[in-house]
Amino acid sequence: MDKKAALLIGGAGVAVLGLGLGYKYLRKPEKVVRVGVVSQLLIHPLKSGRAVSVALVECQKIGLKFGEMQDRRVHWLVVTEDGHMVTGRQEPRLVLVSLTCEGGQVCLNGPNMEELRFPVKQPDNPVIDCRVFRSDIQGRDCGEEASQWLTRYLGAEKTFRLVHFEPQMRARRPVEKEPLFPQYEQVAYTDIAPVMLLSDASVKDLSSRLGKDVTVDRFRPNIVVGDCEAFDEDSWEEIQIGSVRLQRILSCGRCMFTTVDPETGIMNRKEPLETLKSYRLCKPSEKHIYKSSPLFGQLHTVKKTGILQVGDVVYKISR
């Protein structure tokens with residue numbers, strides 16, 4: 001190697017090192033501030049079904065996982081015979097249905113219904129093409145007994161079926177519904193996000209305005225945070241809980257489903273939605289995103305996976 005080439009290579013190396021050191025020292029260090037503590041962890045194995053409260057979960061890119069139950073992606077959905085999703089918006093009494101898993105068996109329970117058990121894995125059952133929020137997706141049919149159980153419980157003239165999303169099936173991309181989500185994010189039967197976070201204080205604030213208590217179950221969060229002020233969560237763009245890192249994408253716009261009482265399965269079509277609209281509408285500059293929906297809770301993606309536990313401290317990350 002001649003002297004000129006050696007000088008060029010050496011100079012390039014120094015330049016790269018300089019850029020690296022410059023980036024290191026120019027990049028703002030993270031500022032970590034305690035903002036609350038995890039008071040509840042909730043998963044929703046059945047879309048629109050009763051929440052399951054747990055003390056510890058695994059937070060994966062696609063949502064929370066507890067044993068054989070996974071929220072927001074690998075879970076269960078009620079559909080009509082032609083594959084269109086059925087939620088508490090159309091059938092409010094779905095909120096009273098409990099779906100749990102134990103020893104490879106699914107357990108379905110509902111008011112005045114006998115418990116139904118069937119295998120989680122039914123590879124011989126057909127895969128159904130489903131329609132969820134105007135997007136196509138698949139689900140493994142859970143069989144005739146599950147269909148008859150749901151049809152009898154909901155008491156409608158039409159037939160309902162239960163489907164199960166499996167990991168090898170093609171997922172939906174939230175960005176197709178909301179451009180603010182990253183291109184790589186995936187969900188299955190959930191509305192839009194892997195994780196939804198809400199504070200106890202925000203729910204208490206709403207209860208005080210309504211003049212009666214409402215519970216967090218009505219709003220279907222995954223992570224409930226205590227020891228903070230009402231709506232503090234609106235400003236947490238990035239948070240750390242244990243080893244888990246979450247990134248806020250947008251606020252959760254609320255719909256008629258919030259008017260379904262999680263204890264009775266009755267929809268009143270008015271409250272707490274009307275009260276939320278009186279003080280939780282978006283800024284005029286954000287109307288193209290939220291339109292006329294009131295905002296309650298925050299939708300997050302998972303930047304770093306790990307374990308979440310009730311009692312974990314929540315830290316706000318800023319730079």
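Is Cys 282 buried or exposed at 12% relative accessibility? At that value Cys 282 counts as buried, where buried means under 20% relative accessible area, exposed means over 50%, and partly exposed lies in between, computed with a 1.4 Å probe on protein chains only.

**Figure 1. Overview of the predicted model and its confidence.** This is a predicted model in which local features need pLDDT of at least 70 and side-chain atom pairs count only at pLDDT 80 or more, whereas totals for chains, interfaces and linings use all residues. Residues are numbered from 1 along each chain as its sequence is written, and side-chain values use heavy atoms, with hydrogens and water left out. The protein has 5 helices and 20 strands, taken as DSSP runs numbered from the N terminus (helices are H or I with at least four residues, strands are E with at least two). Of its 319 residues, 52% are buried, and the accessible surface comes to about 15900 Å², with 53% of it belonging to carbon and sulfur atoms; accessible areas come from the Shrake-Rupley method with a 1.4 Å probe, and for residues only the protein chains shown count as cover. Among contacts with a separation of 6 or more, 69% are between residues 24 or more positions apart, a contact being heavy atoms within 4.5 Å. The pLDDT, the predictor's confidence in each residue from 0 to 100, averages 88 over the protein, and 86% of the residues score at least 70. Over residues 3–10 the pLDDT stays under 50, and the model has 2 contacts beyond four places in sequence for this stretch.

**Figure 2. The largest nonpolar core, with 27 residues.** A nonpolar core is a set of buried Ala, Val, Leu, Ile, Met, Phe, Trp, Tyr and Cys residues joined through side-chain atoms within 4.5 Å. Trp 76, Val 78, Leu 99, Leu 108, Phe 118, Trp 149 and Leu 162 have the most contacts inside this core. Two or more residues each are given to this core by strands S6 (76–80), S8 (98–102), S9 (105–109), S10 (116–119) and S13 (160–164), and by H2, with H2 supplying the largest share, 5 residues. Leaving aside residues up to four places away in sequence, Phe 118 touches Gly 104, Gln 105, Val 106, Leu 108, Cys 142, Ala 146 and Leu 162. A second, separate core has 22 residues, including Leu 41, Leu 197, Val 244 and Leu 308. In soluble globular proteins, nonpolar side chains tend to be buried together.

**Figure 3. Thr 151 in helix H2 (residues 144–154).** Thr 151 is buried, with a relative accessible area of 19%. A polar atom of the Thr 151 side chain lies 2.8 Å from the backbone oxygen of Ser 147. Beyond residues up to four places away in sequence, Thr 151 touches Ala 156, Lys 158, Thr 159 and Phe 160.

**Figure 4. The surroundings of Cys 142, in a structure that holds 0 disulfides.** A disulfide is a pair of cysteine sulfur atoms within 2.5 Å. The closest cysteine sulfur to that of Cys 142 is in Cys 101, at 9.7 Å, which is too far for a bond. Cys 142 counts as buried, at 5% relative accessibility.

**Figure 5. Helix H3 (residues 200–210) and its packing partners.** Because 8 of the 11 residues of H3 are buried, the helix is largely enclosed by the rest of the structure. The buried residues are Asp 200, Ala 201, Ser 202, Val 203, Asp 205, Leu 206, Ser 207 and Leu 210, and they pack against S1, strand S14 (195–199), strand S15 (223–226), H4 and strand S18 (295–304). Gly 211, with a positive phi near 80°, follows H3.

Figure 6. Most residues other than glycine have a negative phi, and most peptide bonds are trans.

Conventions: Polar contact = N/O pair within 3.5 Å; in protein donor to acceptor, adjacent residues only side chain to side chain.
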